[in-house]
Amino acid sequence: MPKHQLYLKLLALFAVSLILIALGCVFGSTGIDWRFTEVDRTILYEIRLPRSIGAYLAGALLGLAGAIAQGLFRNPLADPYLLGSASGALLGVGIILCLSSVGEYSLVTLIGINGGAFAGALLGVLAALLLAGGYKSSLRLLLSGVVIGVIFSAANSLLTFVRPDLYQSLQSFMLGNTSLITWNANLMMGLALIISILLTLLLSPVLSALSLGENTARTLGLPLDQLRLLLIAVLALATGFAVAQTGLIAFVGLAAPHLVRHISGGRQRVQLILSSIAGGILLLGSDLLAKSIFAPLEIPVGIVTAVLGGGYLLLLLRREQIGIRK
Amino acid sequence: MCGFLGISIAAVEVIDDRGKTISLASPPQRLISLLPSLTESICALGKCNHLVGVDRFSNWPLSLQNLPKLGGMSDSNLEAIVQLKPDLVMVDKSSPIISRLEDLRIPVMAFEIKTMADEERTLKKLDLALGSKEAGRVWNQIQAEITRANKQLDGSQKNMRVYFEVNAAPYAAGRSSFIGELLTRLELNNIIPESLGPFPKINPEFVVQAKPQIIMLSETGVTDMKKRPGWADIPAVRENRICTFKKEQSDVIVRPGPRMGEAALILSQCIAEKSLSSK
């Protein structure tokens, strides 16, 4: 594919992104509201705009995390949700919430929550890797991820058992919730996204080498194990910061890389960037649906992505014979 | 002139259950309540007409049904709340929306109502904040109703062992919950010991062993309850002394609000009826 064609596609994706963010400012609590100028400034600048941008950033982080996971483990079904890192992040959030007082979020607690989510996400992937005895068997890795997810969510239920007053807060994290995103949260996610993208682009030769097979990658003389660990850390960073603001959002990380695979034509760097953009578009689009399907009622965005993403995954499984090596 | 101004800007300060001081220059005119028991308390104090929006579960008094519904506990609709331009929002202390509302400079009063004493305190604070002078009257009425409910029961009905099931998990009403306090005021013997806390999740076997003479639960749970292994032998089930509550009655009983007196009357009435029919 010639380069200018790629730029055109990038431009188109960015245009779609901007249109969706604009739509996010128009879709309100009472359904679609075209009287743009009459909308209260507070609602526009303090609620709708941070929410739309926040949903986009969280989606971008998850899309990137999904692309890293799929490249790193050479597994088309890897995603933060299935690998146990999302539930690990949620457990981190739960523990930090448990330690701080409820309802009083300052910037300091926000950093605490993000830090906890990052640590939890890292713990989740590493535990899944340990349980699977490495990443050589894709099937075992995915199963381990699912098991870790179950154990971590049980631990989370235990937290609400110990602190029933946390139930409301944790519940909104478990279902995936974009409605309370603040500008501070956007700042956090923006920083995380920039750091993650820069690091991943820097490390993308590893992913390219890995796509040629483990042995070939070794012959290139790269310190594979260390670089892999670094990529896992980036994966945890992206997942953790997304979960800390929006809670559990299923399948965005899985679907985004698949949707752009045929555009990127196998080039790792392009694939990573495009997955990130596609993730943003997916989550923001789902958020718009969540706001408007039953307006003025609003359903948690996690439910929308789970239904859409789950359906897409089934379609993918039927259409392509995804090679899962046992 | 200055004296006149001084009077007109005299502010009311109320400390809410987070320990936060809320200053109100004048009694708020556009109220939002995001908790059914708070909604009912506000209305009992005669300020129902100042409510401009409520949560999804607030359904009493009936005059509320045309107000905008602003979501539930964990999914309050922030934008709809802001759009209503409230001058005070009343919420449960554990609601995740509090910090967001305060970011947007909307005054929030948070409450934690778990016991009857909590409700008395809540009524007083609301009285202060809303500029009503009704808390004493409302509280006295609740107390009078509870006393009346107590008098409906005779000596044989009092001291009966009672099990109140909050939901089918099963969660029970412990002695330190407001429901448990009502049972105590009716001089009934709650099978749940004090040490288990307000709403403990219990092992069904515990209930079988405690042999309650009365079981209280919502209408929807009764069929499944009777089918639980071993429960057919519980005296209350065997002698059919089961108090079931319709949705409207359950709403009265499970909300720690101004209708607690009415709740006591529902409980005592059922016990009186059940022990008559089984005699």
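Ser157(A) is partly exposed, with a relative accessible area of 40%; here, buried stands for under 20% relative accessible area, exposed for over 50%, and partly exposed for values in between, computed with a 1.4 Å probe on protein chains only. The model is predicted, so that local features need pLDDT of at least 70 and side-chain atom pairs count only at pLDDT 80 or more, whereas totals for chains, interfaces and linings use all residues. Residues are numbered from 1 along each chain as its sequence is written, chains are lettered from A and ligands numbered from 1 in the order in which they are written, and side-chain values use heavy atoms, with hydrogens and water left out.

Ser157(A) belongs to helix α5 of chain A, which covers residues 138-162. Helices (H or I, at least four residues) and strands (E, at least two) are DSSP runs numbered from the N terminus. The buried residues of α1(A) include Leu6(A), Leu10(A), Leu13(A) and Ser17(A). Also buried in α1(A) are Leu20(A), Ile21(A), Gly24(A), Cys25(A) and Val26(A).

Chain A and chain B meet in a contact (heavy atoms within 4.5 Å) that takes 28 residues from chain A and 22 residues from chain B. About 2,100 Å² is buried between the two chains, 55% of it on carbon and sulfur atoms; buried area is the accessible area (1.4 Å probe) that two parts lose on being put together, summed over both. One salt bridge is found across this interface, a salt bridge being a side-chain nitrogen of Lys or Arg within 4 Å of a carboxyl oxygen of Asp or Glu. Arg48(A) and Glu79(B) form a salt bridge in which the closest N and O atoms are 2.5 Å apart. On the side of chain A that touches chain B, the elements giving two or more residues are β1 (27-28), α2 (41-72) and α6 (167-174) of chain A. The largest share of that side, six residues, is supplied by α2(A).

Within chain B, helix α2 (residues 36-44) is mostly covered, nine of its nine residues being buried. Among the elements covering these residues are β3 (31-33), β4 (51-54), β5 (88-92), β6 (108-111), α5 (116-130) and α6 (135-151) of chain B. Just after α2(B), Gly46(B) takes a positive phi of about 85°. Ser33(B) is placed in strand β3 of chain B and is buried, with a relative accessible area of 0%. Residues up to four places away in sequence not being counted, Ser33(B) touches Leu38(B), Thr39(B) and Ile42(B), among others.

Over all chains, the structure holds 23 salt bridges. One of them joins the side chains of Lys20(B) and Glu102(B), at 3.6 Å from N to O. Lys20(B) lies in the loop between β1 (12-15) and β2 (21-24) of chain B and Glu102(B) in helix α4 (residues 98-103) of chain B, so the pair ties together parts that are 82 residues apart in sequence. Lys20(B) is partly exposed at 35% relative accessibility, and Glu102(B) is partly exposed at 23%.

A further salt bridge links Arg259(B) to Glu40(B), with the closest N and O atoms 2.8 Å apart. Because Arg259(B) lies in the loop between α11 (247-254) and α12 (260-277) of chain B and Glu40(B) in helix α2 of chain B, this pair ties together parts that are 219 residues apart in sequence. Both Arg259(B) and Glu40(B) are buried. Together with Lys247(B), Asp251(B) and Arg255(B), these two residues are linked in a network of salt bridges.
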